[in-house]
Amino acid sequence: MFDNWEDLEKSIINCNKCKLNSGRTNIVFGVGNKDADIMFIGEGPGADEDKEGVPFVGKAGQLMDKAFDGIGINRDNVYIANIVKCRPPQNRVPEKDEATSCLNYLRNQVILVKPKIIVLLGSTALKNILGEEHSITKERGIWADKKGIRYLPTWHPAALLRDENKKIEFWKDLKLLKDVAKEENLAI
Ligand code: URA
């Protein structure tokens with residue numbers, strides 16, 4: 001574990017801990033406010049993210065940005081990262097060994113950001129952070145507590161592209177987040 005961003009970022013540059021390293025253009029480390037109260041965790045980079053080295057800049061990210069704008073969440077106030085930092089081929093779900101190899105980087109990011117709330121975007125984030133037994137279908141919109149951090153699982157924005165009905169629930173969850181943040185004076 002590193003106690004500063006510079007060393008952590010340096011440590012990741014030549015990462016070859018898992019097979020995803022062979023297909024990447026860029027490592028997608030994370031973006032946003034490194035002192036954020038609220039952190040968002042997705043699954044892994046897609047083609048656009050791999051090209052730009054920034055999380056959530058493709059179609060799913062643009063949809064998330066739209067929701068952020070509508071609800072009044074400023075992307076610059078939060079920190080956004082993923083379970084894996086290199087693009088899985090054909091955007092498949094990261095395999096267990098890939099997620100496990102990458103999770104220590106994310107843990108280190110969480111330790112440095114010290115968020116009060118973490119929004120888990122989709123099943124991969126939920127299962128890798130809170131445990132395999134969790135279900136996004138059953139638990140989205142329901143707060144969970146673990147080691148002093150509050151977690152809010154919600155749909156992955158890519159799921160909204162496949163199923164319009166999930167949009168309303170996603171917005172509802174982000175609105176809940178916004179209300180809690182406002183109440184507690186958290187940066188959002
Ligand atoms: N999907 C993710 O989970 N993360 C990204 O950065 C982009 C798409």
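**Note on the ligand site and salt bridges**

1. Around the ligand stand Gly42, Glu43, Gly44, Glu49, Pro55, Phe56, Asn82 and His156, where near means that a heavy atom of the residue lies within 4 Å of the molecule. This is a predicted model, in which local features need pLDDT of at least 70 and side-chain atom pairs count only at pLDDT 80 or more, while totals for chains, interfaces and linings use all residues. Residues are numbered from 1 along each chain as its sequence is written, and side-chain values use heavy atoms, with hydrogens and water left out.

2. By type, the shell around the ligand has two nonpolar, four polar and two charged residues. Here Asp, Glu, Lys and Arg count as charged; Ala, Val, Leu, Ile, Met, Phe, Trp, Tyr, Cys and Pro as nonpolar; and the others, Gly among them, as polar.

3. A polar side-chain atom of histidine 156 is 2.7 Å from an oxygen atom of the ligand. From the backbone, a polar atom of glutamate 43 lies 2.7 Å from a ligand oxygen, and an N or O atom of phenylalanine 56 lies 2.9 Å from one.

4. There are 16 salt bridges in the structure, each a side-chain nitrogen of Lys or Arg within 4 Å of a carboxyl oxygen of Asp or Glu. One of them joins lysine 19 and aspartate 97, at 3.3 Å from N to O. Aspartate 97 is in helix H4 (residues 96-113), and lysine 19, 78 residues apart from it, is in the loop between helix H1 (5-12) and strand S1 (31-32). Helices (H or I, at least four residues) and strands (E, at least two) are DSSP runs, numbered from the N terminus.

Methods
Polar contact = N/O pair within 3.5 Å; in protein donor to acceptor, adjacent residues only side chain to side chain.
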